[in-house]
Amino acid sequence: MKYKEFLGTIFFITASLIIYALFPVINSFQQVFIMLVFFIAFPLSFNKLFLKKKLNFYGLEFGNWKQGLLWSFYSLIIVCFIFFIISYFFGFLKNYSIPIFITKSFLNFIVYEFLLTALFVLIYEFYFRGFILFIFETKFSFWAILVQALIFLSLVLVIGHNSLFLFLPYLIFAPFAGLIALKSRSIIYSGVAQFLIILILDTLMVRIIS
Amino acid sequence: MGKKKKQRKINKIAAWVVVFGVIFSEITPIVVQAASLTTSGSTIGASIGPINSANNQRMGTSNKQQSPDVTVSFSVASGIITQGAKVTATAAPGYFKDDSSKLYYTWYLERNGCGLTKNPDGSKGKNPGDINRCDLDGDGEITVNDWKIAATQIIVKGSYDNTGETYSSSVDPGLSGYEANPSPSNTSANGNKGWVINSGADVNSVDAPNCYVQEPESGVNYELRKVDPLIQACPSGYQKVCATSGQNASCEVLNPSYDPVAAAGDPNYAIPKTITQTTDKFCAITNDSPVDNKDIYCKVTDLANFQTAPYCNTPNAVAMCVKYSTVTAAEGNAVFPDTTPVSSSLAALVFKKNNLCSSLNRNATTPPAWLTTKNTLFSGLQNQTCETAQGVFVNGDGTNTGDTSTILNCSTTKAGNVCKHLFAKEPRSVGGVVGDGKFTLAEKKFWGANPSVSSTNGSGADEANVVGLGVDKFSWLYTTGDQVGVVVEGDSAFQTNHADAAYKRMWAFSNNQCTALSDLHNNPVSTFDGSPTVNSMYLEGPGGATCDPTNTSGCTGFLTTELDLDSCLEENLLDPTSNENSDVNSKLNLQVVSEPANPINDPAGRGDTLNVTAASFNSQDSNSLSYNWTVQLSRDGSMAPIDTTSWKDITTDLEAIPSFSAADASGIGKQKLAIKLNLSDALIKGVVTGKASDGFYLKIKAKAKGTAIDGSQDAEGFVMVKVRQQQNEIKIYGVTANNTGMLTMDSGGVELCASAAEKSRCYVAQNEIVGIMVDNKQNELTNFSWKANGAAVTCDASVSSQCTTAAGNKVFVPILGNENEAVDVTAKAVNTKTNEAVELSRHFVITKMQAQINSTDETKVWPKFLGYYKDLNGNRYPDYSKSVFEAAQNSTADLLATFYPSSLADQSQLEWTIDGETKYELSNKKQINFPIKKTEGESYNIGFSVKYKTGSDSQVNNLRKALLKDWKIEPANLIDEQENVSLQINVVSPGSQKVASKEVQSGLASLISHLPENLMFLLKIVVTSGALLLLTGIVFAVMPENIFSEDN
């Protein structure tokens, strides 16, 4: 990738994240909408207009499934352990909250996990792993994993600092997701692993609350 | 002759003197009495009473004969007189000489809307009818004759239908004819003495057969006849005059102050020669040539005693005979004694007409001195009345004898007979006479008879049916408003007072009324003053000879009247529907019944439903009856109502409760009313002044209005119901069991379902055992009988040691059934104080056990506002979450656990968790609070687990044992219910508060109000996108291509 494109992309990413952070939204619908706009539509538009790369560049392919599964497995184990540690010693689960309605019925839980959670996972995966990771990987190689994780952390700190515990699963898994994505050249496996982590955590919470 | 013989002779003579003296003294008063009985006018002209005069009869018994009468009864085959029913009127006459078959029954039928257009007195009728429909004789008026025709046509026709009949020929008129008796025609057979009035004449022959009518109240019989007056002539030398008392005149006489001498010598003499002087008052003739029956007439002065006297038409004038003389100095005045010159001891004086001044020598040439002498002659009789003068003329003055032949008398003689049959009269155009013996074709046609037969209805000749010979039954098709009457003619059972063998021919009216005759009878004085005389009398001598008016002692008096008996018919109409002799009952009536017999009122809404039904009778169309229900409450409370009980209409109050709807209380066909007995205490206390704690009385009235087919009749009925009050209370308590399954009711503890709403419906859990008790501290109630959904429930020592008596006030009931089913527990007992039955009930609904966490203070913890939902009208309502609440940072959360049913509150174990951690210090607490320490954006997960059933597991088992032991409920059916409830509290910034519920906005307004927001948002997105991409493009454009080094 040319430096011109790289720098231009950096400018674009920075500008879009700043605008995203400052953009006024008044309800959840608008929130989701701008996430789709800024994290899905904008990168696609930017690519279409400026980078003109194929979509598989951003990991939208099956890639190396063996690597994907393998690193997903490793990541899940490690992350689960991490969550155990932080839950046990730092009371993570006490601060982690889930919507109360998903505890009412299994259908609610399924709908929440496979629609809402999956959507958010998809958005984050596409933008941070698919777009940012693979763009930065062209210049920073594996350090791109850290870069995208830090960018995500920055965004969470700026926007959702009051909901830190809510984003903690995403934050903790972000570097692992980056690793999975780079190894498998696909965001599918990182996305699924990320989803599984959230799913496991939510299930635990439902169980605890029930 | 011996002394003794002499004495005996003297005694004999004395005895005869005494006897004769007694006889004469008795006779004299009779004569005097007869003379003094005249009511006014001259007492001289009175007649001596005939045999049957009132004064000659003791008690007036001859007038008190029973007159013929008739009773009419109505019958109908169905027993109910309704529109279109064939009604039969049957006449039962009495006191007639002949049997029914020989009597003439004149039926008359007034159809509804056929009122008379004119009354008998000529005035306009009360309710004149439709002439087009009702004038059957074509005279332009509706009269009783039209009514007679209406009935007679029905009688004659019978079932014959003359539609299509051409009336071109008929049988011999004689065959269909019938000659009435007396005949309506003058024939040689009847000696020209028929009742020709029926043929159109004004009067019958004097000797036509008599007929009579009895005045109903007095029983006096009147002969229908005219009479002629006869005023007798004065004797020779006397003339009939009318003289008036108190007459005077103004005369011109010489002025006593006038001096002719002085007048002759003084041309200016001012004193007038004459002056005017008014005479004294005397009796003077006012009419010296009165014309009989015009100026002077015969007046009936005492009808009962058949007395008459001549009267002058001039007011206050006396009819008298006076001697008319021209030779006396009185110049034609009548004087007594009649001497020449006029006696100075004049006893009576009647001046000639206009003769006062000359008789008193009061004239312009007579000096006053001479005048005084002359004046003295007559002045002694000033102010003498004509009656006194007449008395002197007749009886003398004690010195001179009077002349009794100068008494002026008058009498009456019988004139034409005015009897007539009351048959229906044919129009003149028909050309016939009813009852003349010939029934012509024209008559056949008019009456609608069959011209081919002599008897259309198969019962007697047609004309016989027209006259009503023996027609004692009349049947017709009834329409609402019809009235019927009958007048029966025939010879009564009593003979006349004439010297013949005749019986009184009389009439009997169906209602025995004749007001016109009663009015005439009660006006006893009638006059022969030229106007038609209607009530009068005449005297008949012995053997029918003319009666000598000067000696009527051997005569018989007959009261007469010229009254037209048709004028009595209207008041003798009978209404079949209300006639007391009917065996039908056509009046619409209602009977109202109710059940149950002793309903219970419950203000909580669990009272009985009182079903009231109105049953209608005699309705032609009961489905079209319009009902109106009202309910009244007795002010006397539980005291049984009496006639003077005051009632208050509470219909509107009951509709407001509602015990029933206004639509159910009135309308067509609303013959039933269901009243929910849920009267509030306030309503009862607001009306009842007496005691109502143990009951009150309701009067439920139904009014029904029939349609035209029922004659638009109204009917009313009511029923009184004693309503018991739900006294005493059933209380519900929690139950515990020991390890043998013996139950104990915690009656000293908290009463379950104690709120007003729960008293109407108590929510309980499935298979829950409830302890039920009736408060009976006064021990007034005994012999309790318990039922749950109709099945008997008992409690004895095997169930609980608290059930000391078999029919006690405590019972344990397992609420068996499925969710949402109901169990009604009723208790019946007897109040020993009032000896009345008492019934109580409670209603249980099985519900799923539920629990919920609520905030006790929504200013601190409030439900999260989710948005709005719209109703069907588009109105917006705020929607708040039940599971996510919000709380401000650094505040305190107060939470409350609520249970359904409420009884579970004390029967549940609670464990609270906050953020997944069990807070044991909050165990079993229904209300908790904790500080909100988290920061904005964080949240708390609050949960609590509810384990239902009382106490520890052993208590649950004990209850299981009790259910199995007492009610054979398997333990498996009793499930421990556990429920977990959770709540999320989001921490928000301090100062936040519950989104106030906004006013409901219309849907359209909401859409429009949010439309700009969403459009603005999209616009921002678009603009931002465009700006960002543009900016990026600019960056790309300005950046040099080969910045830093190329890379692949």
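## The largest cavity

By class, the residues that line the largest cavity of this predicted model are eight nonpolar and four polar, with no charged residues. The volume of this cavity comes to about 80 Å³, and a search of the whole structure finds three cavities of 30 Å³ or more.

The lining includes B:S67 and B:P68, together with B:V213, B:Q214 and B:P216, and it also takes in B:M506, B:W507, B:A508 and B:F509 as well as B:N512, B:Q513 and B:C514. Two elements of chain B, strand 4 (212–214) and strand 18 (503–509), each supply at least two residues of that lining, and the largest share, four residues, comes from strand 18.

## A buried serine, B:S492

Strand 17 of chain B, which covers residues 483–495, holds B:S492. This serine counts as buried because its relative accessibility is 0%, where the cut-off for buried is under 20%.

The side chain of B:S492 reaches the backbone nitrogen of B:F494 at 3.2 Å. When residues up to four places away in sequence are set aside, B:S492 touches B:P68, B:Y95, B:F96, B:K97, B:Y503, B:K504 and B:M506. Among these partners, B:P68 and B:M506 also belong to the lining of the largest cavity.

## Backbone features in chain B

B:Y95, one of the residues that B:S492 touches, has a positive phi of about 65° although it is not a glycine. B:Y95 is found in the loop between strand 2 (86–94) and strand 3 (104–110) of chain B, and with a relative accessibility of 42% it counts as partly exposed. Another residue other than glycine with a positive phi is B:Y167, where the value is near 50°. B:Y167 lies in the loop between helix 3 and helix 4 of chain B and is buried, with a relative accessible area of 9%.

Two cis peptide bonds can be described as well. The bond from B:N181 to B:P182 is cis, with omega near -5°, and B:P182 has its place in the loop between helix 4 (173–176) and strand 4 of chain B. A cis peptide bond also joins B:I657 and B:P658, with omega about 5°, and B:P658 is found in the loop between helix 12 (651–656) and strand 26 (666–668).

## The second largest pocket

The second largest pocket holds about 1,300 Å³ of space. Of the 44 residues that line this pocket, those closest to its centre are B:N145, B:K420, B:K425, B:D564 and B:D566. The elements that give two or more residues to the lining are helix 3 (144–157) and strand 5 (221–231) of chain B, and helix 3 provides the largest share, three residues. Sorted by class, the lining has 19 nonpolar, 10 polar and 15 charged residues.

The secondary structure of chain B comes to 16 helices and 49 strands, and of its 1048 residues 45% count as buried. Among contacts in chain B between residues at least 6 apart in sequence, 71% join residues at least 24 apart.

The size of an interface is often given as the accessible area lost when the parts come together. Chain B and chain A bury about 3,400 Å² between them, with 67% of that area on carbon and sulfur atoms. On the side of chain B, the residues that lose the most area to chain A are B:F1017, B:L1028 and B:F1036, which together account for 20% of what that side buries. The contact takes 39 residues from chain B and 44 residues from chain A.

Terms used. Residues numbered from 1 in each chain as written. Chains lettered and ligands numbered in written order. Predicted model: local features only at pLDDT ≥ 70, side-chain atom pairs only at ≥ 80, totals over all residues. Heavy atoms only, no water. 1 Å grid on protein atoms, 1.4 Å probe; cavity = no way out; pocket = protein on both sides within 12 Å on 5 of 7 lines; lining within 4 Å. Points joined across faces, edges and corners; volume = space filled by probe spheres on them. Nonpolar A, V, L, I, M, F, W, Y, C, P; charged D, E, K, R; others polar. Buried < 20%, exposed > 50% of the residue type's maximum accessible area, 1.4 Å probe, protein only. Polar contact = N/O pair within 3.5 Å; in protein donor to acceptor, adjacent residues only side chain to side chain. Contact = heavy atoms within 4.5 Å. Buried area = accessible area lost by both parts, 1.4 Å probe.
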